[in-house]
Amino acid sequence: MSDVGSDEFEDDRSKLGEYEGDRNEAGERHGVGKAVLPNGDTYQGQYEFGKRHGQGTYHFKNGARYVGDYNKNMKHGQGTFYYPDGSKYEGSWVEDLRHGHGIYTYPNGDTYDGQWLRHMRHGQGIYHYHETGSKYKGSWVDGKMESAGEYIHCNHRYEGNFANNNPYGPGKYVFDIGCEQLGEFHQTEQDQAEGEWGELGSSGVLKWVPKAITGLTVWTPGKETSAAEKETASAEDGEKI
């Protein structure tokens, strides 16, 4: 759906729609007023020289609602948009587009908290998956996970680069028990499949190729590790890597 408000017939010459509120000497809507537009939408808030300007609330006839800043009839500044499907965006707007920092809550409970560019997730941000509790924290480009990021689960996380919503190339799994697994992701040409990594399916199947596992340092409460033991452990870890 479009979240752009109507700017048609917002003058008296059309003889359509209704307006009640302040006007300036030129007869333009100026100050605080309420308008019922010909398409059924309503707006109540501030006007300047005949246009929505300043704080206001715009109700769409389909149930959507915007509460926030306007500039020359466009959402511009800070505002919250409530969509008919139950989703919500709270944050910065530039010329009717989500732009800057904002938080989007999706119908399924997922949330994105981060940067936006022309209505798309772009820059640094965190996407939280409501159903699993997992989250992606990192870079976004044109709405997709791109470049450096980490995918965080309840007891481990993956750190590496991403491309088109999927992990790509060298990376590592970091486990809460204290060890890491280094490796690399490759994409094999197979039938389209959906993975745990993104909102979109990929054109192939991702294959994780492990290369090394860091060793765990065994620690016994009350026992001090001698210098010789530390040196031996360090050498063994070096051989494993």
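Arg121 lies over the face of Tyr112, 5.7 Å from the ring centre. The model is predicted. Arg52 takes up a position over the face of Tyr43, also 5.7 Å from the ring centre.

**Tyr89 and Trp116**

- The rings of Tyr89 and Trp116 form an edge-to-face pair, with 5.5 Å from centre to centre and 85° between the planes.
- Tyr89 belongs to strand E7 (residues 88–94) and Trp116 to strand E9 (residues 111–117), so the pair ties together parts of the chain that are 27 residues apart in sequence.
- Tyr89 and Trp116 are both buried.

**Tyr129 and Tyr151**

- The ring centres of Tyr129 and Tyr151 are 5.8 Å apart and the planes stand at 35°, so this pair is tilted.
- Planes under 30 degrees apart would count as stacked, and planes over 60 as edge-to-face.
- Tyr129 sits in the loop between strand E10 (120–128) and strand E11 (135–141), whereas Tyr151 is in strand E12 (residues 144–152).
- The pair therefore links distant parts of the chain, 22 residues apart.
- Tyr129 has a relative accessibility of 11%, so this residue counts as buried.
- Tyr151 is buried as well, because its relative accessible area is 2%, and the cut-off for buried is under 20%.

Definitions and conventions: Residues numbered from 1 in each chain as written. Predicted model: local features only at pLDDT ≥ 70, side-chain atom pairs only at ≥ 80, totals over all residues. Heavy atoms only, no water. Phe/Tyr/Trp six-rings, centres within 6.5 Å; stacked < 30°, edge-to-face > 60°. Helix = DSSP H or I, 4+ residues; strand = E, 2+ residues; numbered from the N terminus. Buried < 20%, exposed > 50% of the residue type's maximum accessible area, 1.4 Å probe, protein only. Lys NZ or Arg CZ within 6 Å of the ring centre and 35° of its normal.
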